[in-house]
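Please look through the sequence and the model shown here.

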Amino acid sequence: MTEEKKRINYMVVCVNEFANKFQISPKEAFSYLYDHKGIEFIKENYDIEHTLSFDDAIEDLTLICRKNGTCSDAHTSRKNVVCSMSSEQQMVEYMVQDLVEMLTESRGIEYDQAMHILFDSSVYDKVADERTGLYRESPAYVYGLLQDELTFGHIVQAEI
């Protein structure tokens, strides 16, 4: 596994763990972390942060975000809960990791930019919606849908 892939995987897991802790969607968590410099913090401090427990890393992110936001933010005032991921949620997480890696490689962009593109897409919304079953498809197939959305402004699915 390349160093870049390890960083991508760690970033996606941190976003999901943050989402679980504050009972928000991964998309909301990414947006919050991005806006409050949590994503930047993970990128700059990966070498240290990835050696900590996820609880410690999420606590660090929470402190950074509070420092760069307001203490009354809804996300930081939510009840702390322990969530275990279902197998479907785990598959969604793996799909996000793969799609972020594909975006970084094909577009030559940083992984935080790739996450921003992905989380802003309707493809992500469909992958995250377990009812669609899109998380069960191959990453290459889903990436093709994402490319279509980015190129044409909507998902293009060929007729069979």
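**Aromatic rings and helices**

Phe 30, Tyr 34, Phe 119 and Tyr 124 together make up one aromatic cluster. Rings of Phe, Tyr and Trp (its six-membered ring) pair if their centres lie within 6.5 Å; planes under 30 degrees apart count as stacked, over 60 as edge-to-face and the rest as tilted. The model is a predicted one, in which local features need pLDDT of at least 70 and side-chain atom pairs count only at pLDDT 80 or more, while totals for chains, interfaces and linings use all residues. Residues are numbered from 1 along each chain as its sequence is written, and side-chain values use heavy atoms, leaving out hydrogens and water.

Seven aromatic pairs are present in the structure. In one of them, Tyr 10 and Tyr 46 have ring centres 5.6 Å apart and planes at 75 degrees, so this pair is edge-to-face. Tyr 10 belongs to helix α1 and Tyr 46 to helix α3 (residues 38–49), so that the pair links parts of the chain 36 residues apart. Helices (H or I, at least four residues) are DSSP runs, numbered from the N terminus. The pair of Phe 18 and Tyr 32 is stacked, with 5.8 Å from centre to centre and 20 degrees between the planes.

Which residues of helix α2 (residues 26–35) are buried? They are Ala 29, Phe 30, Tyr 32 and Leu 33, where buried means under 20% relative accessible area (1.4 Å probe, protein chains only). Seen down the axis of α2, these buried residues fall within an arc of 165 degrees, so they line one face of the helix; the arc is that of the directions from the helix axis to the C-beta atoms.

How values were computed: Buried means under 20% relative accessible area, exposed over 50%, partly exposed in between (1.4 Å probe, protein chains only). Helices (H or I, at least four residues) and strands (E, at least two) are DSSP runs, numbered from the N terminus.
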